Amino acid sequence: GGTVLVSNMQTERTLDKKFIHLNTSVPGSWIGMIQVVEYLRAFFVGRQGWSYLNANAIISGAFGLFKKSMVIRAGGYETKTIGEDMELLLRMQSYCLSQKEEYEVNLLPMPVCWTETPPDLRSLGNQRARWSQGLVDCLWKHKRMLFRPWSGMIGMVGLPYFLFFEVIAAPLEIIGYFFSIFGIALGVLSWDVVISFLCATVVFGCVLNLGAVVIDQFTFQKYKKSSDILKLVAGSVLEHFGFRQLHLYWRVKGIFEWFDGKHEWGKIK
């Protein structure tokens with residue numbers, strides 16, 4: 001798998017001719033800054049860590065290279081899934097593990113692919129809800145791998161993590177917000193306790209985000225301008241105020257849509 005980072009396609013005119021070029025600077029909008037930080041964290045912290053543990057559950061559909069003979073033996077791409085990149089990788093790993101064949105899943109840390117991200121909240125919400133649908137769909141299709149010793153690290157650690165911390169955690173966190181409000185209103189919880197927990201989670205999240213930014217600066221320096229660095233720092237903090245709560249809503253929406261039978265990607269701007 002290749003590491004994917006965020007770009008913006010810009011249309012310009014020169015001598016009455018229109019052309020499009022790749023702009024790899026950090027967008028100035030808050031939604032753009034946050035998405036760049038998300039991608040840095042996902043690839044430099046998340047997926048690199050899963051690769052080290054041999055528990056990588058997904059190779060990004062934007063840039064992946066597979067051994068053709070293995071893809072064919074595992075059954076090829078599934079046409080009735082909305083997370084075909086994750087589903088294919090899980091199915092190939094399941095095949096190899098059940099047949100006791102040696103295999104490797106590697107992630108190239110050098111950013112070799114740039115992707116355009118949704119520019120507005122509506123498009124982003126649709127994308128994230130569908131990501132959530134795809135995750136639940138893949139976990140359901142490959143539930144036989146969960147907590148099974150024969151499935152190795154991917155079944156004992158990787159998939160349980162996605163189940164508990166990506167699927168179940170989203171509705172639980174929303175419930176936690178409501179219980180905190182009710183607890184304060186009823187006098188069961190104090191403001192000091194709630195604010196302390198919120199501060200701890202925000203600080204922890206910021207450390208993860210800034211860690212990904214630091215990794216980029218010490219390795220590939222894909223973002224070199226001081227303005228870009230400032231935007232990345234701002235995005236690392238802003239993600240936790242408003243955006244995170246919206247993202248929770250989109251994730252839960254996607255989960256309920258999957259249970260409601262909506263299994264399609266549709267169109268994303």
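This is a predicted model: local features need pLDDT of at least 70, side-chain atom pairs count only at pLDDT 80 or more; totals for chains, interfaces and linings use all residues.
1. Residues are numbered from 1 along each chain as its sequence is written, and side-chain values use heavy atoms, with hydrogens and water left out.

2. Now the overall build. The protein has seven helices and three strands, and from the N terminus on the order is β-β-α-α-α-β-α-α-α-α. Helices (H or I, at least four residues) and strands (E, at least two) are DSSP runs, numbered from the N terminus.

3. How does the radius of gyration agree with that of a compact globule? With 269 residues, such a globule would have a value near 18 Å, and the protein has 20 Å, which agrees. The radius is taken over C-alpha atoms, and the globule rule is 2.2 Å times the number of residues to the power 0.38.

4. Twelve of its 15 residues are buried, so H3 is largely enclosed by the rest of the structure. Buried means under 20% relative accessible area, exposed over 50%, and partly exposed in between (1.4 Å probe, protein chains only). The cover over the buried residues of H3 includes helix H2 (68–74), helix H4 (121–141) and helix H5 (152–186). After H3 comes lysine 100, whose phi is positive, near 55 degrees.

5. Next, the inside. A nonpolar core is a set of buried Ala, Val, Leu, Ile, Met, Phe, Trp, Tyr and Cys residues joined through side-chain atoms within 4.5 Å. The largest one has 19 residues, of which Ala57, Met86, Leu90, Ile154 and Leu159 touch the most other members. H3, H4, H5 and helix H7 (226–259) each supply at least two residues of this core. A second, separate core of 17 residues includes Phe43, Cys113, Tyr223 and Leu232.

6. Threonine 117 is buried, with a relative accessible area of 9%. Not counting residues up to four places away in sequence, threonine 117 touches Val6, Ser7, Gln35 and Tyr39, where contact means heavy atoms within 4.5 Å.
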